[in-house]
Amino acid sequence: MSEDGLIKAECLRPDNPLPLVVQPAVGGVSLYAWAAKNREFIETALCKHGAVLFRGFGLRTADDLAQFVNATGSEMMQYRERSSPRHEVGDRVYTSTDYPADQSIFPHNEHSYSVTLPLKLFFFCVTPADQGGETPIADCRKIFSRISPALRERFGKRKWMYVRNFGSRFGLPWETVFQTTSRSEVEEYCRRHRIEFEWKSDNGLKTRQVRPAIAAHPKTGELVWFNHATFFHVSTLPVQVREGVLSAFKEEDLPNNTYYGDGSPIDPQDLDDLRAAYQQETTAFPWQQGDVLMLDNMLTAHSRAPYAGPRKILVAMADPFDRTDI
């Protein structure tokens with residue numbers, strides 16, 4: 001119970017601290033009013049567990065989500081330096097992703113490749129899928145511990161490189177990613193955010209950015225595995241998608257790919273070991289209408305399972321954090 005006795009908090013499964021579930025203990029509890037008065041409780045729980053699921057409070061709309069985010073004292077962010085298709089349904093509230101329903105999405109941390117990233121994510125279930133559609137999550141502290149010391153040392157020294165090719169054939173255009181049609185604005189953004197850029201023919205653009213693979217959480221100081229090195233590597237794509245992409249592009253022209261920070265190929269065994277570490281730490285639960293899953297974006301990775309039937313999950317990003325380790 002919280003101090004005011006209005007909610008109950010317990011882990012979803014006794015053997016797994018991820019996520020903590022907060023539910024009303026009595027009828028008529030306003031989640032907004034309770035959250036505004038119990039921000040310290042929420043912050044402490046989030047740092048300990050990495051994810052808090054608010055369930056049974058009757059939230060229904062994008063405005064409800066925004067109101068809850070504001071009640072926690074979090075600063076909502078716009079979706080910048082985009083990597084996945086989604087659209088805005090309210091002020092800084094977006095669809096979680098617009099990828100086809102039959103595709104799974106590998107575990108990752110939002111904007112690990114960016115200089116400015118959201119410390120918090122809020123996923124809101126408006127409509128659960130008929131089948132599947134979970135948002136599996138994984139503790140990045142445990143992923144870090146599971147990875148071999150040799151692999152951690154290798155990436156710690158060499159870092160990782162994210163390479164993107166923007167064109168007209170596949171993926172998001174650079175105008176969508178950077179939210180501008182001005183080349184000069186893109187160039188200025190890249191300079192400020194330590195991204196190498198190269199303009200190509202036919203209005204194409206190639207970017208490279210080198211980032212650390214390991215980060216220290218700004219509040220707890222804990223080391224976490226925090227990168228997209230596995231997520232964006234071409235070998236992580238589903239087989240059919242990977243084969244189609246590799247048949248359409250030369251490796252240097254792939255829409256997305258990753259390397260060690262010096263630009264050399266990542267060892268296939270390293271990638272296999274990393275994918276295994278993510279999967280072994282991943283846990284999932286079925287969505288219920290009105291659920292809000294609050295994540296610490298550095299402590300907890302998220303993903304998506306394929307689904308059938310209508311599904312509407314919204315997301316808000318919050319609490320911008322400027323990295324100093326890049």
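The lining of the second largest cavity divides by class into three nonpolar, one polar and four charged residues (Ala, Val, Leu, Ile, Met, Phe, Trp, Tyr, Cys and Pro count as nonpolar, Asp, Glu, Lys and Arg as charged, and the others, Gly among them, as polar). The structure is a predicted model, in which local features need pLDDT of at least 70 and side-chain atom pairs count only at pLDDT 80 or more, while totals for chains, interfaces and linings use all residues. Residues are numbered from 1 along each chain as its sequence is written, and side-chain values use heavy atoms, with hydrogens and water left out.

**Enclosed space**

- Two cavities of 30 Å³ or more are found when the whole structure is searched; on a 1 Å grid over the protein atoms alone, a cavity is a set of points where a 1.4 Å probe fits but cannot get out, and lining residues have an atom within 4 Å of a point.
- The second largest cavity has a volume of about 50 Å³, a volume being the space filled by probe spheres set on the grid points, which are joined across faces, edges and corners.
- The residues E43, L46, C47, L119, K120, H217, K219 and D296 line the second largest cavity.
- Helix α2 (39-49) and strand β8 (116-127) each supply at least two residues of that lining, and α2 gives the most, with three residues; helices (H or I, at least four residues) and strands (E, at least two) are DSSP runs, numbered from the N terminus.
- The largest cavity holds about 240 Å³ of space and is lined by 21 residues, with R86, S96, I105, H108 and H302 lying nearest its centre.
- At least two residues of the lining of the largest cavity come from each of β7 and β19 (300-304), and the largest share, three residues, belongs to β19.
- By class, the lining of the largest cavity comprises seven nonpolar, ten polar and four charged residues.

**The largest pocket**

- The largest pocket contains about 640 Å³ of space, where a pocket is an open set of points with protein on both sides within 12 Å along at least five of seven lines.
- Its lining has 25 residues, and the closest to the centre of the pocket are Y99, F170, L237, V241 and N256.
- The elements giving two or more residues to the lining of the largest pocket are β7 (105-108), β11 (160-166) and α8 (239-248), and β11 gives the most, with three residues.
- This pocket lining is made up of 16 nonpolar, eight polar and one charged residues.

**Two buried loop residues**

- S74 sits in the loop between α3 (62-71) and β4 (76-77) and is buried, with a relative accessible area of 5% (buried means under 20% relative accessible area, exposed over 50%, partly exposed in between, with a 1.4 Å probe and protein chains only).
- The side chains of S74 and T72 are joined by a polar contact of 2.8 Å, that is, a pair of N or O atoms within 3.5 Å, of which, within protein, one must be able to donate a hydrogen and the other to accept it, with residues adjacent in sequence counting only if both atoms are side-chain atoms.
- Apart from its neighbours within four places in sequence, S74 is in contact (heavy atoms within 4.5 Å) with V69, K120, F122, A318 and D319.
- H228 lies in the loop between β15 (223-225) and α8, and H228 is buried, at a relative accessible area of 2%.
- A polar contact of 2.6 Å links the side chain of H228 to the side chain of S112.
- Leaving aside its neighbours within four places in sequence, H228 is in contact with residues including H108, E110, W160 and T258.
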